[in-house]
Amino acid sequence: MDHPDRSCSNLHFSTRMTSTAIPDKAASPRVVLFMSTPSAGEIPLTASLPASLLPFGCVTFAEQVLDSCARAGLKEVDLVMSEQPEALRAHLADGWRWGITLNWHLAKESATPYGFLHSMSLSEGQRVLIGHGDRWVADSVVRELVEADRVALHVGQSVEWSGWASVAGSFLRTFPSHADFESLGNHMVGQPSERFLMVPKGQFACAGTADDLMRAQEIALSNESGLHVPATWLRFPWGAMSPDARVHAQADIRGPVLIGPRCSVDRKARIGPGSVLSRDVLVASGAVIREALVLPDTYLSGGVTLEHSVIQGNVVQDLRWAARLTLPQNDGVLGTLKSSSVPHAGWAGRVL
């Protein structure tokens, strides 16, 4: 049962304070993670979903972000969300898996949730560590932000804000409460260059575009240390799979591949290399999937070959051509395993 002070609300919760004054550099930062960003329209989804709940290897971005926070030694985190808070609750619960206390806050607008930063009650000299649930950085980056005021940058189209920074409490008053991510990023990049922290390649991933999402899977697949694989998963020479998945002995799996919970791969199906089956994916005999991300509740028939794509249900986003293909459900080539329509009795049944 959830503790009353962890329920979603627009109230803020005070952090623990010590009885003696703490110098600015030694103050324990207040950690705020924003999980309100919606998924991009080009990502094929049968229903709207916060970007922080998109797959990142074996789990979601939100779970990988909290894992980095836990490895960096953080014990308490404020989560700010907007849409579908119950879905985030289902994945994160109360943070017990990471040993982190989660304080939940609800923002009215998903695009401009940063007004919460103005409402926080901070002790004198306390800093704030800002992060985003749809933008993962390695625990080594989080640890550096805990130790000092820094702005983490990464190289994308240009040098860009990663969505992570550690700032003094007084800094929060220098930007408007209705700021969006772009304007806040411009504010961060405008800081003195000595405060910048460049995040190495492979230590940053985001769930922005479909290409970004696929690059995140490549990071999870290429990590040989097993950092992105839960301890309960089964390891194989080709990768790893959930103990709740089923793979036929005659399936052709060529790593690296990750196969998630309740997935089923039939005989003579060919998976990989560079593929991730998120969860609840059925791959029929003869299907071929290479360098692709298959989102939840998807059926792939035996006559389908998919490469360099993100797929959910009967919708395919081709990454090479930046094109979307929607196949008729009645063809049975691709399909969704979870119907969004409510079944109704047919006329014959009503007459009977």
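This is a chat about a predicted model of one protein chain.

Visitor: What does the secondary structure of the chain come to?

Guide: The protein chain has 7 helices and 26 strands. Keep in mind that the model is predicted.

Visitor: How much of the chain is buried?

Guide: Buried residues account for 49% of the 352 residues.

Visitor: Which residues have the most contacts inside the largest nonpolar core?

Guide: Those are Leu33, Leu79, Leu92 and Trp164, in a core of 57 residues. Helix 6, residues 210–222, gives the largest share of this core, with 7 residues. There is also a second, separate core of 24 residues, and Trp238, Cys263, Val294 and Ile311 are among them.

Visitor: Let's pick one residue. Where is Ile271?

Guide: Ile271 sits in strand 18, which covers residues 270–271.

Visitor: Is Ile271 buried or exposed, and why?

Guide: Ile271 counts as buried because its relative accessible area is 0%, and buried means under 20%.

Visitor: What is Ile271 in contact with, leaving aside neighbours within four places in sequence?

Guide: Ile271 is then in contact with Asp252, Ile253, Arg254, Val257, Val265, Val283 and Ile289. Take Ile253 from that list: 18 residues separate it from Ile271 along the chain, yet their C-alpha atoms are 4.9 Å apart.

Visitor: What about contacts across the chain in general?

Guide: Take the contacts between residues at least 6 apart in sequence: 54% of them join residues at least 24 apart.

Visitor: Change of topic. What is the strand order in the open sheet of 5 strands?

Guide: The order is 14-17-20-22-26, and the pairing is mixed. Strand 14 (246–247) and strand 26 (334–336) are the edge strands, each pairing on one side only.

Visitor: In which sense do strand 14 and strand 17 pair?

Guide: They pair in the parallel sense, over 2 bridges, and strand 17 covers residues 264–265.

Visitor: Now the surface. Which residues form a nonpolar patch there?

Guide: Val155, Val159 and Met198 form one, and together they have about 290 Å² of accessible area.

Visitor: Where is Val159 found?

Guide: Val159 belongs to strand 9, residues 159–168.

Visitor: Why is Val159 called partly exposed?

Guide: Its relative accessible area is 48%. Buried means under 20% and exposed means over 50%, so a value in between is called partly exposed.

How values were computed: Residues numbered from 1 in each chain as written. Predicted model: local features only at pLDDT ≥ 70, side-chain atom pairs only at ≥ 80, totals over all residues. Heavy atoms only, no water. Patch = residues over 30% accessible without salt bridge, like charges linked within 9 Å, V, L, I, M, F, W, Y side chains within 5 Å. Areas by Shrake-Rupley, 256 points an atom, 1.4 Å probe, with all protein chains shown as cover. Salt bridge = Lys/Arg side-chain N within 4 Å of Asp/Glu carboxyl O. Helix = DSSP H or I, 4+ residues; strand = E, 2+ residues; numbered from the N terminus. Buried < 20%, exposed > 50% of the residue type's maximum accessible area, 1.4 Å probe, protein only. Pairing = 2+ DSSP bridges. Contact = heavy atoms within 4.5 Å. Core = buried A, V, L, I, M, F, W, Y, C linked by side-chain atoms within 4.5 Å.
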